[in-house]
Amino acid sequence: MTRTPDNAFFARAVTIHRYDCEAVPASHGTDAATTRDGPAEGLPDRSEAVAAYAVSARPVYDGIRRLIGHVAGLLVLVEAGGRRDVLDLPDLPAARERWRELEGRLHAIGVPHGLEAHFGQLATAHAAIGEVLDEFAAARRQRQWQHHIDRAGERITLAYSCLQSASEPRAGMTPVDFNHACCSCAQRWLQEGGNNGSVFNMGA
Amino acid sequence: MGQYSIWVLEYSYVKNYHKSGVLYGAHNEGYVKLPYCYALIKGNGHVAMVDVGYNNKDYGKHLGDKFGVENWRSPENVLSEVGLSPKDVDTVFITHAHFDHFGNVESFPDATFYIQEREISKWVWAMSLPDRMRWMNVAVDPGDIVRGVDLARQKRLVTIDGAKEDVLPGVDLHAAFDSHTYGSMWVTVRNGGADTWVLAGDLVYVFENIEGSGAAVDVETLYVPVGLAVGSQTNLVLATEEMMKQVGYEAKRVIPIHEERLKDRFPSRITKEGLRVTEICLADGEKSRVS
């Protein structure tokens, strides 16, 4: 597949730079790499919007991914270990704090036309995690707590299902963090050209 | 001959895995074939698995594209080579929570799963750390933990703390904390007398982890730990010593499931799907599945 200016920019944005790298906003449109790959004036606005969306959505995706693992693990400890004391651990307020932080980031994302469904999956996953945390809080307050934990289990399943739907390996959004699992393999993959296909199916 | 039969069943493989991942310090020494396997223990009226592999539906294409993982086959297909199906499995020991060991629990609907509690609690901790420390939650799929929640609700997930003897008669679990992962464990099968086998999970990847060359320090062999670890290589060496002690220092009785050369030590065959079945030992009255 031929490398085009828009996906070349995307590859730089999501594989070379961190999402918060200063070089990412600076590279929109007219940087040297863009002109090397093709004329900047031919760059469609929409591809920039998609790339900007991917850059801002990826850390949210990753935060949701890790928050799901975090609270699901706590649920396993409660359910399998029968440990109600887990509800008193500082891990729960910490999870709530991260959830709020993600909420701010989620609302700051600009969603280009065609990616509303993707954004919707992230938003639903985030909301479902919020419900899990609400159920944890209710379980902590009440003597009859098991049904809250059961409901939390249902909501975390929904959250993960939405995360899976929002997964897009070419945008660095994968359920498993492989970035360091196999360092030389990841480098080899990049050296072999990586994946320069289109980033998202825009519903065409 | 003894109480249990043991097979190592390949379900997929990576043709070129960097050697430094399997052997500490093997930098710039190229690649090795890395079979993806699980072990099956049969006897005493039980069918037990050591790990369950991963679910190709979730990861297959991505793994294939990015890491060259090839030829994944389902547990139905793989277990049929030893005359069994996933529904026959009543017990599963999860050596650690990496996706290629804990990623396919749904395929074993009637099994009870055992995992170290610390493997869960420390992953929770790692997942809660700031982004700059995300290296510490490498290769874990939160989805596997979510599926663990479902198992726990069905009372099919048992978390244990440290060693546990006779989980099945003559089958013990041993922990290796802060080694390959935070709560890794190995499975020891005591088949009677000196006939003991250790199923090492990823605490041992290849023979050299147990019998590495000691030429540089003027000994015949030494333990060279696995390269990939979120804990420490010191703890891997200590776990290796404990495993070796359990088998009377007979290295061939510690089974590394990612070792391509198991075929050089045990009878085996290649299935029509191109995957290997290796027969570690046979229980009294059990027929060979490789000859």
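Colleague: What makes the crossing of helix 7 of chain A and helix 6 of chain B left-handed?

Modeller: A crossing is left-handed if the near helix is turned anticlockwise from the far one by less than a right angle, and right-handed if clockwise. The crossing of these two helices is left-handed. Helices here are DSSP runs of H or I with at least four residues, strands are runs of E with at least two, and both are numbered from the N terminus. This is a predicted model, in which local features need pLDDT of at least 70, side-chain atom pairs count only at pLDDT 80 or more, and totals for chains, interfaces and linings use all residues. Residues are numbered from 1 along each chain as its sequence is written, while chains are lettered from A and ligands numbered from 1 in the order in which they are written.

Colleague: Why are helix 7 of chain A and helix 6 of chain B called roughly antiparallel?

Modeller: Helix 7 (residues 146-165) of chain A and helix 6 (residues 142-153) of chain B pack at an angle of about 150°, with their axes 10 Å apart. Angles under 35 degrees count as roughly parallel, over 145 as roughly antiparallel, 65 to 115 as roughly perpendicular and the rest as oblique. The pair is therefore roughly antiparallel.

Colleague: Why is Y24(B) called buried?

Modeller: A residue is buried if 20 or more other C-beta atoms lie within 10 Å of its own, exposed if 12 or fewer, and partly exposed in between, with C-beta atoms placed from the backbone. Y24(B) has 20 other C-beta atoms within 10 Å, so Y24(B) is buried. You will find Y24(B) in the loop between helix 1 (19-22) and strand 2 (31-43) of chain B.

Colleague: And what makes Y249(B) exposed?

Modeller: Y249(B) has 12 other C-beta atoms within 10 Å, so Y249(B) is exposed. Y249(B) sits in the loop between helix 8 (233-246) and strand 14 (254-255) of chain B.

Colleague: Why does D178(B) count as partly exposed?

Modeller: D178(B) has 18 C-beta neighbours inside 10 Å, so D178(B) counts as partly exposed. Its phi is near 50°, a positive value in a residue other than glycine.

Colleague: How do you know that the buried residues of helix 5 of chain A are on the same side?

Modeller: Those buried residues are D91(A), A95(A), R98(A), W99(A) and L102(A). They cover an arc of only 110° around the axis, which puts them on the same side of helix 5; the arc is that of the directions from the helix axis to the C-beta atoms. The face turned away from the buried side carries exposed residues, among them P93(A) and E97(A).

Terms used. Axes fitted to C-alpha atoms, helices over the stretch in contact; angles between N-to-C directions.
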